[in-house]
Amino acid sequence: MTRARWLLALVLALGVPLAAHAHKASDAYLSLAVDGANARGQWDIALRDLELAVGLDADADGRIRWGELRARRSAVDAYALSHLRVTAAGRACNARVASHQVDAHTDGAYAVLALEIACPDDAALALDYDLLFALDPQHRGLVRVSRGGEIASAVLSPAQPRLALTRSPSRWRAFTDYAREGIWHIWIGFDHVLFLLCLLLPAVVRRSEGRWLPVARGRDAALDALRVVSAFTLSHSLTLALAALGVVALPSRWVESAIAASIVLTALDNLRPFLPARRSAIAFGFGLVHGLGFASVLAELGLPGGARALALVAFNLGVELGQLAIVAAFLPLALALRRSALYPRALLAGGSLAISALASVWLWERALGA
Amino acid sequence: MLEVLPAASSALARELAAERRALAGAPHDLARATALAWRYVEAGRSDGDPRYAGLAEGAIAPWLASARPPAEALLLRATLRQNRHDFAGAERDLAALLARDPRNAQAWLTRAIVAKVRGDFALAQASCVPLLRLADVLSATTCLADVASLSGRAAPAERALAAALERAPAAPAAQRQWAHVTLAEIRERRGDARGAEASYQAALALARDAYTVSAYADFLLDARRASDALALLGDDRRADGLLLRRALAERALLAPGRQATQRELRARFAASRLRGERLHAGEEARFALAFGDARDALCLARENFALQREPRDVRVLLEAALAARDARAAQPALELLATSRLEDARLGALAARVRSSR
């Protein structure tokens with residue numbers, strides 16, 4: 001052992017020098033906000049650490065200036081991104097640095113990299129981090145990931161370089177979310193409710209010699225309603241699935257106009273039947289158009305990449321539940337009132353007339369874009 | 001300008017960078033790697049910056065990854081672990097190293113220091129003894145006197161150390177400085193304020209390091225000489241330990257800017273906690289005792305005492321227990337005082353107050 005080494009040992013023996021009275025060891029701060037298959041984030045890395053890793057102090061005067069940092073920007077990005085691997089269920093996500101800033105921390109200036117991360121889907125996300133570890137095993141990556149109101153944080157080190165997030169929100173949670181959206185959509189989607197009413201209004205009466213007579217047995221009326229609603233459900237589920245999965249794509253203006261037209265025609269048919277088909281066939285045919293309308297709502301919500309089919313089924317189920325609630329509210333009422341003289345005139349004729357007038361306005365607006 | 005690089009002189013930074021590049025070109029050169037690692041350790045000491053400890057570890061990391069790291073790498077890792085307060089890890093490395101190389105004086109010395117800090121005075125003494133054969137008399141005497149003064153033999157320890165210092169006027173400054181600081185602490189514990197101050201000043205005349213400045217500043221604060229403490233601390237705010245003493249002195253003097261100092265310390269403790277580390281639990285306990293909540297201070301002091309058991313650790317636990325009116329929490333400190341027969345006028349009085357408050 002050299003004499004100098006021995007003296008150094010003595011000095012160190014005093015216990016002071018390094019960490020006990022430290023400024024601060026090397027940390028980088030990485031925060032990510034995950035939204036579906038994408039994430040935005042911020043990564044604060046000390047300029048001193050970057051100087052060590054990629055060299056910033058071009059003129060070697062012991063000072064780092066804006067120009068020096070700017071000149072090394074792509075090297076900084078390349079270094080940082082090559083030491084952070086983001087994966088979704090084992091498949092690599094694409095990360096890029098969108099912009100640079102500089103911020104002050106307790107121990108000096110930090111480069112702040114704004115990150116944009118795009119994953120193939122939103123399956124279980126994992127971070128593998130090894131920034132600076134090869135140079136400084138005491139470096140720590142202080143990571144914070146927020147996703148859907150949940151926050152995960154970790155101190156990443158050479159011994160623990162990985163942060164794996166459990167799938168979140170849970171599949172059940174996604175399922176109930178999409179089902180709720182489906183129910184909500186049918187309730188606030190006025191046009192679907194009116195179309196359904198147009199289909200249901202004549203279910204408790206039958207036409208005989210130009211006049212409307214009440215259906216004698218309530219059970220027959222309920223069965224008729226069931227047939228009509230089932231046909232509507234079958235057809236709109238079909239087109240909803242085809243459109244949501246991208247098999248069919250039509251301009252939304254056409255779809256919305258066709259929906260308005262379907263309401264006008266069905267309502268007018270209630271006044272004086274002229275459509276050359278049975279009610280259930282009409283419900284099926286026009287249901288195809290309504291399904292495309294549901295799909296455009298689902299497109300706005302966005303299907304979660306890892307659970308597309310699940311979300312589609314959940315949304316559809318929600319639509320059916322919402323629809324069932326409307327039927328359950330309307331049908332007993334109509335059955336109770338069907339023998340009243342008012343029913344054909346006030347409810348069936350008056351209601352259908354009003355609905356056709358309203359839907360004509362929609363058709364006008366939607367078709368002409370007014 | 002965004003950042004001033006920390007190396008005291010950029011010449012040092014350039015030198016270290018050049019050595020690092022040379023090592024990168026010869027990644028299997030253990031001698032080169034350990035030389036660079038010790039230089040980092042040294043730079044960390046002069047700069048007080050823990051980043052250098054990480055770089056030192058990084059330089060020898062490839063050898064540490066092997067099942068049987070070479071002796072040089074083990075010694076370095078033990079030193080780095082001691083500095084990180086990973087005392088158990090440091091002791092493992094040192095035991096492994098000494099089993100292989102029982103003539104390694106530096107390993108014996110480091111083991112003595114680690115054992116002393118943990119309150120294992122028997123192991124500390126046993127680790128000082130080989131230094132009588134393997135190192136110089138002054139170093140061996142300082143090591144032994146330090147331990148003896150903590151285990152009921154303060155008076156002979158003081159005499160022996162003072163005599164050894166007198167007999168070695170030509171010893172290297174670092175050795176003499178260590179002896180002076182140790183003597184100052186022994187004298188302070190024995191209640192000899194005048195002698196202690198003379199020894200602190202003798203140590204500082206040889207070299208100004210954070211440990212001596214902290215210890216002397218504590219001495220001055222206890223003597224209600226806050227303005228002297230502030231003058232001693234100077235302008236350096238970088239080290240947390242020194243900033244703590246500054247905060248205490250500023251509070252005593254109601255100095256302007258004292259709130260800013262407290263805020264800064266609080267932020268630094270928080271930043272360190274974010275890393276999942278509690279290197280500063282003892283100092284944080286003192287901070288909480290002075291500026292925060294007594295219950296928090298007691299929690300921190302107990303956490304600290306589980307790791308470190310030097311007189312200052314005993315003291316902060318006793319004070320926190322008194323402040324929090326929780327005498328039972330002080331039990332481990334009272335036990336250490338009883339079994340070690342540690343002689344310290346101030347600690348004795350504190351312990352008596354704790355016992356009478358039960």
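Predicted model: local features only at pLDDT ≥ 70, side-chain atom pairs only at ≥ 80, totals over all residues.
Entry 1. Angles under 35 degrees count as roughly parallel.

Entry 2. I looked up helix H4 (residues 71-83) and helix H6 (residues 105-117) of chain B. Their axes form an angle of about 20 degrees and lie 11 Å apart. H4(B) and H6(B) are therefore roughly parallel to each other. I then checked the hand of the crossing, and H4(B) passes H6(B) in a left-handed one.

Entry 3. I asked which residues of H4(B) and H6(B) meet. From H4(B) I listed Leu75(B), Ala78(B), Thr79(B) and Gln82(B). From H6(B) I listed Gln106(B), Ala107(B), Thr110(B) and Val114(B).

Entry 4. I turned to a second pair in chain B, helix H19 (residues 311-323) and helix H20 (residues 331-340). I found an angle of about 135 degrees between them and a spacing of 9 Å between their axes. That angle makes H19(B) oblique to H20(B). The crossing of H19(B) past H20(B) is left-handed.

Entry 5. I recorded the residues in the contact of this second pair. H19(B) contributes Val314(B), Leu317(B) and Leu318(B), while H20(B) contributes Ala333(B), Leu336(B) and Leu337(B). I counted six nonpolar residues in the contact of H19(B) with H20(B), with no polar and no charged ones.

Entry 6. I took an inventory of chain B as a whole. The chain holds 21 helices and one strand. Of its 358 residues, 50% are buried. Among the contacts in chain B with a separation of 6 or more, 48% are between residues 24 or more positions apart.

Entry 7. I made the corresponding inventory for chain A. I found 11 helices and 13 strands there. Buried residues account for 40% of the 370 residues in chain A. Of the contacts in chain A between residues at least 6 apart in sequence, 72% join residues at least 24 apart.

Entry 8. Arg144(A) stands opposite Ser153(A) in S10(A).

Entry 9. I then examined an open sheet in chain A. Its four strands follow the order S5-S4-S8-S11, and their pairing is antiparallel. Strand S5 (91-92) and strand S11 (162-164) of chain A have a single partner strand each and stand at the edges, so one side of each is left without a neighbour in the sheet.

Entry 10. I looked at one pairing in this sheet in detail. Strand S8 (residues 125-129) of chain A joins S11(A) in the antiparallel sense, over three bridges. I found Leu127(A) opposite Leu163(A) in S11(A).

Note on methods:
Residues numbered from 1 in each chain as written. Chains lettered and ligands numbered in written order. Axes fitted to C-alpha atoms, helices over the stretch in contact; angles between N-to-C directions. Helix = DSSP H or I, 4+ residues; strand = E, 2+ residues; numbered from the N terminus. Parallel < 35°, antiparallel > 145°, perpendicular 65-115°, else oblique. Left-handed = near helix turned anticlockwise from the far one by under 90°. Contact = placed C-beta atoms within 7 Å. Nonpolar A, V, L, I, M, F, W, Y, C, P; charged D, E, K, R; others polar. Pairing = 2+ DSSP bridges. Buried ≥ 20, exposed ≤ 12 C-beta atoms within 10 Å, placed from the backbone.
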